[in-house]
Amino acid sequence: MFSVADHEFMAQALRLAERGLYTTTPNPRVGCVIVRDSKVVGTGWHERAGEPHAEIHALQQAGELARGATAYVTLEPCSHHGRTPPCAEALIQAGVGRVVVAMIDPNPLVAGEGLARLQQAGIPVDLGLLEEEARELNIGFVSRMTCGRPWLRLKIAASLDGKTALNNGVSQWITGADARRDVHRLRARSCAVLTGIGTVLADDPSLNVRDVETPRQPLRVVVDSALRMPPMAKMLGLGKTLVVTASNDPAKTGRLREAGAEVLVLAGKDGRADLARMLDELGQRGINEITAEAGRGLNGALVQQGLVDEFVIYLAPLLLGDRARGMFDLPELAAMEGRRELRIADVTMVGRDLRVRALPVE
């Protein structure tokens, strides 16, 4: 169905889409390549919400050469008026002769309508080229559109024997500089970075992006059931911070708000912050991807409640021993049937460390 040239041009469109990896939130990352007589005549990618979409940039560059050309788009062209006019209509008006689309837009406002509009205008549409790659690029947007909550990526740095800190809490640094730089790329592509109050009290982290050039910083989210967040915490002076709690203490809440934090009370039945409701709330705020960087307590709670979509574990070539702290605070298993199975999606060396990417097996 698809030629070698089709694959090459869609791969180019995906590379263009990646240029918006750190900037498009809450919109998806989209690239477009327009080809006429086997030559690229227009390219574009979506850069920021509210600005022209990838197809518009490519059409403007192509001009009259777009007539009769083939447009390769990594996501179904939109069919509704949002901040910008519908891209499907722009392709029709430009007179393109064929449209190749990697995947359907999961946004209910589109979800097939863009393709239908193109076909009704007599334009042949081919769907599904490099769909898996396109979906991976927008995994958070897909999650928010289909499940109502962000994609939660749990990042862990551990020794080869699965330890994340010494028994006294010291954890800097287990992994090398290359792995830590790679974590900043995860932060940069994320809309929010999530941690627990234990990590804040122990390390006073900034949780900002430092080793990657990016025009925006992710929202910092702290799970703090008892509202122990210090008003002098470093992150409060660095940008937006959301503290999610189960406490209604007005004095503590007031001090944190004066320090610049937003406090959101989401009490669960167990007296702790409700993590599932927190993710629903973040989804409603347009958060697509979250990278969690926490201790074994919050890590274990997220796993137990089935809220982790992806594990990214950096394993350092060192041993810390049995008494060091593990990755997850999980109840002891009495039988192997209670184990949680994962599927290894990727294993890559990052400097001296091993990065393992794994997904829960449903």
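Predicted model: local features only at pLDDT ≥ 70, side-chain atom pairs only at ≥ 80, totals over all residues.
## The nine-stranded sheet

Nine strands make up an open sheet with mixed pairing, in the order S11-S10-S9-S8-S12-S6-S13-S16-S15. Its edges are S11 and strand S15 (342–350), each of which pairs on one side only. From one strand to the next, the twist averages 20 degrees.

Within this sheet, strand S8 (residues 192–196) and strand S12 (residues 289–292) are paired in the parallel sense over three bridges. Val193 has Thr291 in S12 as its bridge partner. Helix H7 (residues 177–189) lies across strand S6 (151–159), S8, S12, strand S13 (310–316), S15 and strand S16 (353–360). The direction of H7 is at about 165 degrees to S13.

Strand S10 (residues 241–245) is mostly covered, with five of its five residues buried. The cover extends to both faces: Thr241, Val243 and Thr245 are buried on one side, and Leu242 and Val244 are buried on the other.

S10 has a parallel partner in strand S9 (residues 219–223), to which it is joined by four bridges.

## Arg153 in strand S6

Arg153 is found in strand S6. Its relative accessible area is 3%, which means that Arg153 is buried, since the cut-off for that class is under 20%.

Beyond its neighbours within four places in sequence, Arg153 is in contact with Leu186, Arg189, Ser190, Glu289, Ile290, Thr291, Ala292, Glu310 and Val312. One of these residues, Glu310, is 157 residues from Arg153 in sequence. In space, the C-alpha atoms of Arg153 and Glu310 are 4.7 Å apart.

## The five-stranded sheet

An open sheet of five strands has the order S2-S1-S3-S4-S5, and its pairing is mixed. S2 and strand S5 (125–127) are at the edges; each has a single partner strand, so one side of each lacks a neighbour in the sheet. The twist from one strand to the next averages 15 degrees.

S1 and strand S3 (residues 70–73) run antiparallel and are joined by four bridges. Ile34 stands opposite Ala71 in S3. Helix H1 packs on the sheet, where it touches S1, S2, S3 and strand S4 (98–101). The direction of H1 makes about 145 degrees with that of S1. Helix H4 (residues 113–120) also packs on the sheet, touching S4 and S5, and its direction makes about 150 degrees with that of S5.

## Backbone features in loops

The peptide bond between Thr25 and Pro26 is cis, with omega about 5 degrees. Pro26 belongs to the loop between helix H1 (4–18) and strand S1 (31–36).

Ser38 is not a glycine, yet it has a positive phi of about 65 degrees. This residue lies in the loop between S1 and strand S2 (39–45). With a relative accessible area of 64%, Ser38 is exposed. Asp204 is a residue other than glycine and also has a positive phi, near 45 degrees. Its place is in the loop between helix H8 (197–203) and S9. Asp204 counts as partly exposed, at 29% relative accessibility.

## The cavity

The structure contains one cavity of 30 Å³ or more. The space in the largest cavity is about 40 Å³.

The lining of the largest cavity consists of Asn27, Pro28, Arg29, Asn138, Ile139, Gly140, Phe141, Asn288 and Glu289. Helix H6 (residues 139–147) gives the most to this lining, with three residues.

Terms used. Residues numbered from 1 in each chain as written. Heavy atoms only, no water. Buried < 20%, exposed > 50% of the residue type's maximum accessible area, 1.4 Å probe, protein only. Helix = DSSP H or I, 4+ residues; strand = E, 2+ residues; numbered from the N terminus. Pairing = 2+ DSSP bridges. Axes fitted to C-alpha atoms, helices over the stretch in contact; angles between N-to-C directions. Contact = heavy atoms within 4.5 Å. 1 Å grid on protein atoms, 1.4 Å probe; cavity = no way out; pocket = protein on both sides within 12 Å on 5 of 7 lines; lining within 4 Å. Points joined across faces, edges and corners; volume = space filled by probe spheres on them.
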